[in-house]
Amino acid sequence: MAPILYHVPRMISSPIYQAMIYLNADITVQTLTFADLKTPEHLARNPMGTSPTLVDIEYDISIWESGAILSYLLEEYDPTFRLSPPQPSAVGMTTTNRKHDRAIFLHIQQYILATVYPFMASLYIHTLKSNEEQDIEYIKLSISKWRTLFAPTLIHFLGDKEYFLGNDRLTAVDFLVAKPLSNAKSMGLLNEFPPLLALFQRISSMPSFAIAYGESSTSTSTPSSTTSASSSPKHLHQLSPPPTKKLRHQLRNETSSSSTLTKA
Ligand SMILES: N[C@@H](CCC(=O)N[C@@H](CS)C(=O)NCC(=O)O)C(=O)O
């Protein structure tokens with residue numbers, strides 16, 4: 001039985017789901033609502049009551065930290081390193097560049113998941129409160145930190161490249177950063193940083209983004225629906241509603257262009 005990724009659209013499970021769609025990974029995605037996260041059923045899987053959670057009954061696995069889930073899924077479903085640089089210890093992988101790329105990848109992954117995303121998510125959630133409940137000083141300070149520290153640091157990592165690891169070198173950290181960048185965009189804080197805006201546009205224009213973030217008419221935004229990260233025909237019938245012909249075509253292009261990237 002395929003592992004199940006418990007997912008809430010637009011949350012930090014979304015970039016993981018997007019990466020799995022890109023890899024055409026054979027996993028099942030169970031879409032939950034926020035309320036579902038606090039049910040006894042979900043709390044039994046994940047005592048924190050959060051998204052994402054990954055369950056693989058066959059191996060007695062129930063894990064619920066996004067960094068661990070992403071790393072685990074990449075190890076399982078990206079054996080040819082399409083979305084992450086190989087571990088330097090992998091057979092035949094000993095060059096200095098490979099060590100450098102792997103270290104940079106891990107560093108950016110951790111920076112996004114442990115530092116940028118929690119900061120951005122709490123600011124964003126705070127701005128959804130009523131005016132009376134908002135702490136204006138907290139908002140001002142956070143916006144200033146975004147402008148002077150977080151955004152410039154991400155731009156420093158990106159340099160003048162298309163993606164963090166290089167031009168034509170999309171990796172999972174580019175998917176990850178789209179989550180905090182989408183919050184920044186919603187708050188009107190992204191357009192002033194053109195390199196980040198351009199990266200966000202590259203990721204959010206992919207058909208897999210609409211599915212993973214629940215923005216497509218073909219998405220799994222229906223509460224508690226089950227779908228698959230794989231777009232292969234054997235799974236299409238599981239999608240509810242099924243992808244349109246156009247989206248199926250776009251997804252096929254995305255996964256086949258990802259194969260091309262692998263070979264580059
Ligand atoms: N450190 C966890 C945090 C997960 C987390 O807080 N997820 C949010 C969605 S982005 C959530 O489930 N919030 C619901 C809640 O905290 O009640 C991770 O990175 O997976």
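The turns below treat the sheet, the helices, the loops and the ligand.

Q: What kind of model is this, and how are its residues numbered?
A: This is a predicted model, in which local features need pLDDT of at least 70, side-chain atom pairs count only at pLDDT 80 or more, and totals for chains, interfaces and linings use all residues. Residues are numbered from 1 along each chain as its sequence is written.

Q: In which order do the strands of the sheet lie?
A: Strands of a sheet pair through backbone hydrogen bonds, either parallel or antiparallel. Strands (E, at least two residues) and helices (H or I, at least four residues) are DSSP runs, numbered from the N terminus, and two strands pair if DSSP finds at least two bridges between them. Here an open sheet of 5 strands has the order β4-β3-β1-β2-β5, with mixed pairing. Its edge strands, each pairing on one side only, are β4 (61–63) and β5 (226–228). From one strand to the next the twist averages 20°; angles run from 0 to 180 degrees between N-to-C directions, and axes are lines fitted to C-alpha atoms, for helices over the stretch in contact.

Q: Which residues stand opposite one another in the pairs of strands?
A: Strand β2 (residues 28–31) pairs with β5 in the antiparallel sense over 3 bridges, and V29 has T227 in β5 as its bridge partner. β1 and β3 run antiparallel and are joined by 3 bridges; Y6 stands opposite T53 in β3. β3 and β4 also pair in the antiparallel sense, over 3 bridges, with I61 in β4 as the bridge partner of D56. These two strands, β3 and β4, form a hairpin with 4 residues between them, and D60 in the turn has a positive phi of about 55°.

Q: How is the packing of α5 and α7 to be described, by angle and by handedness?
A: Angles under 35 degrees count as roughly parallel, over 145 as roughly antiparallel, 65 to 115 as roughly perpendicular and the rest as oblique. The axes of helix α5 (residues 136–158) and helix α7 (residues 194–204) come within 9 Å and cross at roughly 70°; α5 and α7 are therefore roughly perpendicular to each other. Their crossing is left-handed, a term used if the near helix is turned anticlockwise from the far one by less than a right angle (right-handed if clockwise). A151, L154, I155 and L158 of α5 make the contact with P195, L196 and L199 of α7, where two residues are in contact if their C-beta atoms, placed from the backbone, lie within 7 Å. The residues of this contact divide into 7 nonpolar, no polar and no charged. Ala, Val, Leu, Ile, Met, Phe, Trp, Tyr, Cys and Pro count as nonpolar, Asp, Glu, Lys and Arg as charged, and the others, Gly among them, as polar.

Q: At what angle do α4 and α6 pack?
A: Helix α4 (residues 96–127) and helix α6 (residues 172–186) pack at an angle of about 20°, their axes being 9 Å apart. α4 and α6 are therefore roughly parallel to each other, and α4 passes α6 in a left-handed crossing. Among the residues making the contact are F105, I108 and Y124 of α4 and V173, K179 and S186 of α6. The contact divides into 14 nonpolar, 3 polar and 1 charged residues.

Q: Where is the cis peptide bond?
A: The cis peptide bond joins S51 and P52, with omega at about 5°. P52 is placed in the loop between α2 (40–45) and β3 (53–56).

Q: Which residues surround the ligand?
A: M11, I12, L37, G49, T50, S51, E65, S66, L113 and A121 surround the ligand; a residue is near a molecule or strand if its C-beta atom, placed from the backbone, lies within 6 Å of it. This shell divides into 5 nonpolar, 4 polar and 1 charged residues.
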